[in-house]
Amino acid sequence: MEFDVLRIIYYLAVILVATKLLGMGTRKLGLPQVVGMVIAGLLIGPAIFSQLPGSFNGIIAPTEIEMDVLKTFSQIGVILILFSSGLETDLKDLKTSGFASTMIALSGVIVPLLLGSLGGALFMGGIPATIHDPNKLMNALFVGCILTATSVGITVETLRELGKLNTKLGTTILSAAIIDDVIGIIALSLITSLKGGGNPAFTLLKAALFFLFSIGLGVLLRIVFKWIEAKYPHKRRTGIFALGMCFIYAYCAETFFGIAAITGAYMAGVMLSGLSDTKFVDKKVLVNGYMIFSPIFFAFIGISADFSNFKPDDIVFALVFVAIGIAAKIIGCGGMARILGFKGKDSLAIGCGMIARGEVALAVYSTAAWLIYFDGGKLVGVDPLFATIMLIITTSILCPVFLKLLLKEHTDNTHGNVNAEDYVSVQAGEETKALV
């Protein structure tokens, strides 16, 4: 079956304009732009209109092969998001963040993963039924994995406003969020590589081999990039070579190691972080990714959404999902902070500072959504797309509210010597600011 290239061009035009307009609209409301982009996909595609009476299936109604083309653009978009996130990871912070941030991050992944999986199991016939059904078990683990993601863009802005960004509290949250993403992505790779029946020990071995491979090759490539940036500083060739490295890492991760492609892209970014031209390369990625591919990625989530199986129970699931997502981060991160000696209110602030979700949660959903479909494409458990969107909206509102209530009595008007540029793009969640 052939497709009309002009129709794809038309689809791209509609997607880019719609995501921009809806993204600006949600940002005016104080919400992440990614929410508006996903909603744009829902409004222009067949996801909602195909469920209504009549023959109208949306402003764009792609055929199967056209959906494959849009999916390809979408996959490039999510790879660039994670690559940029890796570029913005500060290796020095990771080395010096210390035991406390590492333990807070680890607890902030394990607790949401466990509670989210248990919550998902309750909506799939109960824990015993889920454990004895490999398909449902993978679905439940997928639900938990989405909850491990953290996006601290709103947290950073709130802490800066309160004059707490360069304090021990602010540094702990930022460092823990970076490590949190690393551990969460590893967890995603492990879960997806199981494919419903793999050997956990073999999966761990492949994951270990991948990280050895990526770090070993990355050390050599860093030497090459240092030579390139010294001889040809701020040249476009550096960005092109970096993108090539990103795609090679993504390809090798999934093809040879069974690890999610986004993990490879993230590791490529990490291996190139901290170089003289890293910000220059990241800027080029932003131009290519956030002007074209990333909006397509977020819109595609909405366009490809299937609400044919949507039931009233899904709203109940979304409410439970959001509640678990908030409570799990507060319990996991805040509880560990308390164990490590932070005061009660500071521990609670650390937990609240980690509840926000953004692009990474949607990237996790997009990467592993196939885990919820088996038996010829039939949904075997719950589809957490609606719940994930609700989680992003809710936590984006509650995170700054909680932090201001907890820290307002300690607020001062000084913002220290912190360079806003250094913190505004801590991870992929903050990069959406470049869209406006």
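Biologist: How do the lining residues of the largest cavity divide by class?

Modeller: In this predicted model, they divide into five nonpolar, two polar and two charged residues. Ala, Val, Leu, Ile, Met, Phe, Trp, Tyr, Cys and Pro count as nonpolar, Asp, Glu, Lys and Arg as charged, and the others, Gly among them, as polar. A cavity is a set of 1 Å grid points, over the protein atoms alone, where a 1.4 Å probe fits but cannot get out; a pocket is an open set with protein on both sides within 12 Å along at least five of seven lines; lining residues have an atom within 4 Å of a point.

Biologist: Which residues line that cavity?

Modeller: The lining of the largest cavity consists of Cys145, Thr148, Ala149, Asp180, Asp181, Gly184, Ile185, Val360 and Val364. The greatest contribution is from α10, with four residues. Helices are DSSP runs (H or I, at least four residues) numbered from the N terminus.

Biologist: How much space lies in it, and how many cavities are there?

Modeller: The largest cavity holds about 50 Å³ of space, and the whole structure has four cavities of 30 Å³ or more. A volume is the space filled by probe spheres set on the points, which are joined across faces, edges and corners.

Biologist: Turning to the largest pocket, how much space lies there?

Modeller: About 1200 Å³ lies in the largest pocket. Its lining comprises 42 residues, and Lys71, Gln75, Phe300, Ser366 and Ala369 lie nearest its centre.

Biologist: Which helix gives the most to that lining?

Modeller: Helix α4 does, with eight residues. Among the elements that supply at least two residues each are α4 (64-87), α10 (168-194), α13 (261-272) and α17 (359-368).

Biologist: What is the class breakdown for the pocket?

Modeller: The pocket lining has 24 nonpolar, eleven polar and seven charged residues.

Biologist: Another topic: where does Ile262 lie, and what is it in contact with?

Modeller: Ile262 lies in helix α13. Beyond its neighbours within four places in sequence, Ile262 is in contact (heavy atoms within 4.5 Å) with Val78, Leu82, Leu188, Ala363 and Thr367.

Biologist: And how far is Ile262 from Ile81?

Modeller: Their C-alpha atoms are 8.6 Å apart in space, although 181 residues separate Ile262 and Ile81 in sequence.

Biologist: What conventions apply?

Modeller: Residues are numbered from 1 along each chain as its sequence is written, and side-chain values use heavy atoms, without hydrogens and water. Local features need pLDDT of at least 70 and side-chain atom pairs count only at pLDDT 80 or more, while totals for chains, interfaces and linings use all residues.
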